[in-house]
Amino acid sequence: MLTDQEREEIEAELPHYPRKQALCIEALKVVQRHRGWVDDEALRDVGGFLEMTEHEVDSVATFYNLIYRRKVGRNVIHLCDSVSCWVMGCDRICEHLKNSLGIEIGETSDDGRFTLLPIPCLGDCDKAPSMMIGRELFSDLTPEKVDEILRSRK
Amino acid sequence: MEKPLTEHIQPGEPPLDLAAYERTGGYEALRDALRSMEPREVTRIVEDSKLRGRGGAGFFTGMKWSFVPMGENAPREKYFVCNADEMEPGTFKDRYLMECNPHLLLEGMILGAFAIQAPTGYIFLRAEYHKSEEVLAHAIREAREAGFLGKNILDSGFDHDIHLHTSAGRYICGEETALLNALEGRRAIPRAKPPFPPVVGLWGKPTIVNNVETLCNIPPIVRNGADWFKGLGLSEEAGTKLYGVSGRVNRPGMWELPLGTPLREIIEEHAGGMREGYRFRGVIPGGASTDFLVEEHLDLPMDFASVQKAGSRLGTGTMIVLDDRTCPVGMVLNLERFFARESCGWCTPCRDGLPWVEKILEDIERGGGREDDLGLLQEHSKFLGPGRTFCAFAPGAVEPLQSALKYFEEDFRRHFDGKGCPYHPQPAAAR
Ligand SMILES: Cc1cc2nc3c(=O)[nH]c(=O)nc-3n(C[C@H](O)[C@H](O)[C@H](O)COP(=O)(O)O)c2cc1C
Ligand code: SF4
């Protein structure tokens with residue numbers, strides 16, 4: 001079941017749309033914000049509220065890369081791997097992240113602190129290479145800067 | 001030089017709040033329009049201004065608005081949507097406008113909504129733009145409190161409200177009909193066209209979708225008139241453009257310049273030329289899905305018509321520079337990997353063709369390439385070209401590929417016969 005808090009946050013958006021199914025993506029984002037990721041139960045909870053089957057909700061959830069259908073770490077690192085960042089050396093940053101965390105792209109570190117995922121262009125191309133963790137954007141990355149950022153995250 | 005989009009803002013400065021925006025003449029155009037203009041007149045000024053869409057396709061904005069059914073028998077429900085998805089790789093212009101001058105965008109949207117008589121507007125914002133989200137949400141609240149949004153705006157009898165919709169990722173959401181499906185809460189698969197959104201759009205109702213930069217041009221056009229706007233361009237084309245440069249130049253960044261500013265001036269003067277030790281080899285002029293331009297094009301005026309004549313597209317006007325120490329094949333591989341990953345999967349040429357292209361390019365980079373691969377890549381450029389796929393994503397995806405084959409063929413060949421990449425012989429970590 002959706003928690004009262006989740007329900008309230010989803011309902012706040014209801015008046016903005018003529019059909020409640022339009023809230024599907026928003027509802028998934030709300031649930032993910034509270035639960036960390038979207039498991040099968042979350043699909044049923046959202047579906048129950050929006051009068052959709054869990055499979056309908058899943059077909060939406062699996063389309064969008066920022067809806068996580070697998071458990072993720074406390075910090076999800078989204079490293080930009082688009083063209084401007086590539087020219088400016090994001091491969092090197094990626095190798096550094098993988099070595100420091102002991103994981104490949106798409107994996108979560110054993111201590112559950114970090115998940116490493118690629119992301120299309122973050123619109124920060126004049127300060128490439130860039131990455132995003134949670135709601136925070138980090139620019140002009142160097143391996144040293146990455147170390148510092150990783151250290152500062154619980 | 002006039003800079004209607006950026007004259008009051010600076011990168012890194014806090015956004016103009018409502019009071020500051022009004023001190024710059026903000027919302028005067030809206031007051032004027034609501035007081036003394038018919039909706040159709042607003043559309044006519046925009047038509048006369050010859051403003052072309054800044055989201056990539058360059059469609060005439062006023063003409064698009066004129067397709068919306070008007071009058072007594074037109075549907076009451078209509079929608080005005082701002083495309084703030086900005087996911088075209090190498091593009092970072094809309095974010096700047098939203099984060100620094102959010103009311104300019106809101107005023108443009110309200111004027112557009114008035115022109116087509118739409119009671120509801122949405123800003124479709126990409127998920128990753130958290131700062132833009134905060135700034136816009138605050139600006140919308142300010143505008144509502146001041147009576148620029150809501151019922152009976154400025155006592156004109158016109159109702160309009162704007163809702164901020166944040167996305168959940170995927171580049172295809174920027175394609176306007178995919179965007180409409182995403183706004184409806186569905187998978188963002190493009191829709192068949194015709195019918196076009198101005199007639200059948202969001203929930204089947206007439207809908208206008210315009211880019212952020214396009215809409216930021218509306219208030220100054222309404223305030224200063226079509227002739228003023230036409231006078232801003234250096235060439236035949238009207239207005240200014242936000243041009244951006246990234247890559248190994250001295251000062252990567254973004255500048256508002258007259259439409260038609262020569263490529264050389266943008267790269268050498270504004271971006272400060274190439275970094276010490278690097279030479280210019282080419283540029284993708286308007287985001288990932290445009291054809292390379294090379295040295296012979298440096299004196300090209302960067303406007304829609306001139307860039308098209310040179311075989312590419314102005315696109316978003318934000319360019320990515322290729323230098324002489326970066327492998328063109330590697331760069332194209334990066335681009336095609338992006339497109340393969342972001343294909344929505346609806347139609348076969350795109351869903352299956354792009355991963356194939358990616359594999360071939362990967363193979364070439366690793367030294368497994370052969371002469372026939374060039375033919376295979378050429379073929380794909382054709383089979384994924386205009387008219388063969390369900391939307392414009394795939395044709396865009398092969399633009400950098402087909403032009404790289406044309407301008408950098410020699411570089412492809414230098415990879416053949418087991419040689420691998422002559423530019424990046426060591427693994428990534430060692431670079
Ligand atoms: C694959 C694809 C992605 C697109 N992404 C964007 C985008 O992120 N932002 C945008 O404004 N237009 C984007 N467009 C263009 C839109 O479909 C549409 O033409 C544009 O929003 C119309 O606005 P304009 O006329 O003001 O430029 C994209 C088009 C395609 C085919
Ligand atoms: S061309 Fe690609 S992105 Fe467009 S509909 Fe076909 S599969 Fe989807």
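**View 1. The shell around ligand 1, sorted by residue class.** Five nonpolar, seven polar and six charged residues make up the shell around ligand 1. Here Ala, Val, Leu, Ile, Met, Phe, Trp, Tyr, Cys and Pro count as nonpolar, Asp, Glu, Lys and Arg as charged, and the others, Gly among them, as polar. This is a predicted model, in which local features need pLDDT of at least 70 and side-chain atom pairs count only at pLDDT 80 or more, while totals for chains, interfaces and linings use all residues. Residues are numbered from 1 along each chain as its sequence is written, chains are lettered from A and ligands numbered from 1 in the order in which they are written, and side-chain values use heavy atoms, leaving out hydrogens and water.

**View 2. Who comes nearest to ligand 1?** Among the 18 residues around ligand 1 (a heavy atom within 4 Å), the nearest are Gly55(B), Asn83(B), Asn210(B), Asn211(B) and Thr214(B). Strand E4 (residues 207–211) of chain B gives the largest share of this shell, three residues; strands are DSSP runs of at least two residues, numbered from the N terminus.

View 3. Look for the polar side-chain atom of Asn83(B), 2.9 Å from an oxygen atom of ligand 1. In the side chain of Asn210(B), an N or O atom is also 2.9 Å from a ligand 1 oxygen. Arg54(B) takes part through a backbone N or O atom, 3.3 Å from an oxygen atom of the ligand. Taken alone, ligand 1 exposes 610 Å², and the protein buries 89% of that (Shrake-Rupley method, 1.4 Å probe).

Key: A polar contact is a pair of N or O atoms within 3.5 Å; within protein, one must be able to donate a hydrogen and the other to accept it, and residues adjacent in sequence count only if both atoms are side-chain atoms. Helices (H or I, at least four residues) and strands (E, at least two) are DSSP runs, numbered from the N terminus.
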